[in-house]
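This report goes through one protein chain, from its overall make-up to the packing of its elements and then to individual residues. Please keep the sequence and the three-dimensional view at hand while reading.

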Amino acid sequence: MQSSLSFQQLLFRASHWLALVCRLVAGVALIGLLAVTIADVSTRYLSRLTEGAIALRVSGSVELVSYLMLFALLAAMAANVEKSQVVVEAFSHRLPQSIKNRIQGLFLLGFTALGLILFVGLLDSAAAATQYGEITQDLRLPMGPIFQLAAVLSLLLGLRSFIHALLGMIYATGEEAPHGE
């Protein structure tokens with residue numbers, strides 16, 4: 001029993017540290033997204049106020065915001081995958097919590113598959129983009145590293161989903177859903 005308890009603690013710790021990394025990436029991406037948006041709106045407004053005398057622009061702002069949003073969403077999904085499940089109480093309200101947690105663990109295997117499919121697809125896109133020298137439209141940034149970072153974040157989604165699937169199916173642990181009771 002001691003070895004299984006230590007394996008459970010190892011899974012919890014690994015999940016906790018991966019979640020912290022994902023939250024950091026999501027936070028940095030959101031701050032960058034906000035900074036680009038504020039800078040773009042401010043420079044446009046300044047240009048309008050001065051009737052074009054000061055014509056500063058944030059070039060590629062739409063492109064930057066879209067890629068930063070991609071990173072923020074993937075990282076946030078990976079950081080909170082165990083907390084984001086919708087529970088349909090009509091089917092499970094009379095089941096014991098341990099059975100509900102095991103069902104949620106089984107459900108998280110779907111997110112594991114999703115994360116791995118995204119990882120493989122994005123890694124393939126990164127290889128193709130690197131091989132053919134694909135660049136972004138406005139800023140002319142190489143697409144390979146963008147796809148690689150998205151692939152890593154998708155892998156983290158799959159990995160954290162798998163960890164919580166194991167915790168749910170083997171140990172019947174899971175996030176308690178707030179019911180407002």
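## A buried aspartate in the opening helix

Asp40 is found in helix α1, which covers residues 2–49, in a model that is predicted. With a relative accessible area of 11%, Asp40 falls under the 20% limit and is therefore buried. Once residues up to four places away in sequence are set aside, the contacts of Asp40 are with Val58 and Ser61.

Helix α1 also carries Gln8, a residue that is likewise buried, its relative accessible area being 14%. Beyond its neighbours within four places in sequence, Gln8 is in contact with Leu167, Tyr171 and Thr173.

## Overall make-up

The chain holds 5 helices and 0 strands, and its elements follow one another from the N terminus as α-α-α-α-α.

Among the contacts with a separation of 6 or more, 77% are made by residues 24 or more positions apart.

## Packing of α4 against α5

Helix α4, made of residues 97–132, packs with helix α5, made of residues 143–171, at an angle of about 165°, and the axes of the two helices lie 7 Å apart. Angles over 145 degrees count as roughly antiparallel, and α4 and α5 are therefore roughly antiparallel to each other. The crossing that α4 and α5 form is left-handed, and the residues of their contact comprise 24 nonpolar, 13 polar and 1 charged.

Leu159 is a residue of helix α5 and, at 38% relative accessibility, counts as partly exposed. Its C-alpha atom is separated by 9.7 Å from that of Ala113, a residue 46 positions away along the chain.

## Packing of α2 against α5

Helix α5 also packs with helix α2, which spans residues 61–79, and here the angle is about 15° and the axes are 8 Å apart. That angle makes α2 roughly parallel to α5. The crossing of α2 and α5 is left-handed, and the contact between these two helices is made up of 15 nonpolar, 1 polar and 1 charged residues.

On the α2 side, the residues that take part are Tyr67, Leu70, Phe71, Leu74, Ala75, Met77, Ala78 and Ala79. On the α5 side, they meet Met143, Ile146, Leu149, Ala150, Leu153, Ser154, Leu156, Leu157 and Arg160.

## Ala79 and its surroundings

Ala79 belongs to helix α2 and counts as buried, with a relative accessibility of 1%. Leaving out residues up to four places away in sequence, Ala79 touches Ala19, Cys22, Arg23 and Arg160. Of these partners, Arg160 is one of the α5 residues in the contact of α2 with α5.

## Two residues with positive phi

Most residues other than glycine have a negative phi. Which values of phi do Arg140 and Ala172 take? Arg140 has a phi near 60°, a positive value in a residue that is not glycine, and Ala172, which is also not a glycine, has a positive phi of about 55°.

Arg140 lies in the loop between α4 and α5 and counts as exposed, its relative accessibility being 55%. Ala172 is placed in the segment after α5 and is buried, with a relative accessible area of 14%.

Technical notes. Residues are numbered from 1 along each chain as its sequence is written. This is a predicted model: local features need pLDDT of at least 70, side-chain atom pairs count only at pLDDT 80 or more; totals for chains, interfaces and linings use all residues. Side-chain values use heavy atoms; hydrogens and water are left out. Axes are lines fitted to C-alpha atoms, for helices over the stretch in contact, and angles run from 0 to 180 degrees between N-to-C directions. Helices (H or I, at least four residues) and strands (E, at least two) are DSSP runs, numbered from the N terminus. Angles under 35 degrees count as roughly parallel, over 145 as roughly antiparallel, 65 to 115 as roughly perpendicular and the rest as oblique. A crossing is left-handed if the near helix is turned anticlockwise from the far one by less than a right angle, and right-handed if clockwise. Ala, Val, Leu, Ile, Met, Phe, Trp, Tyr, Cys and Pro count as nonpolar, Asp, Glu, Lys and Arg as charged, and the others, Gly among them, as polar. Contact means heavy atoms within 4.5 Å. Buried means under 20% relative accessible area, exposed over 50%, partly exposed in between (1.4 Å probe, protein chains only).
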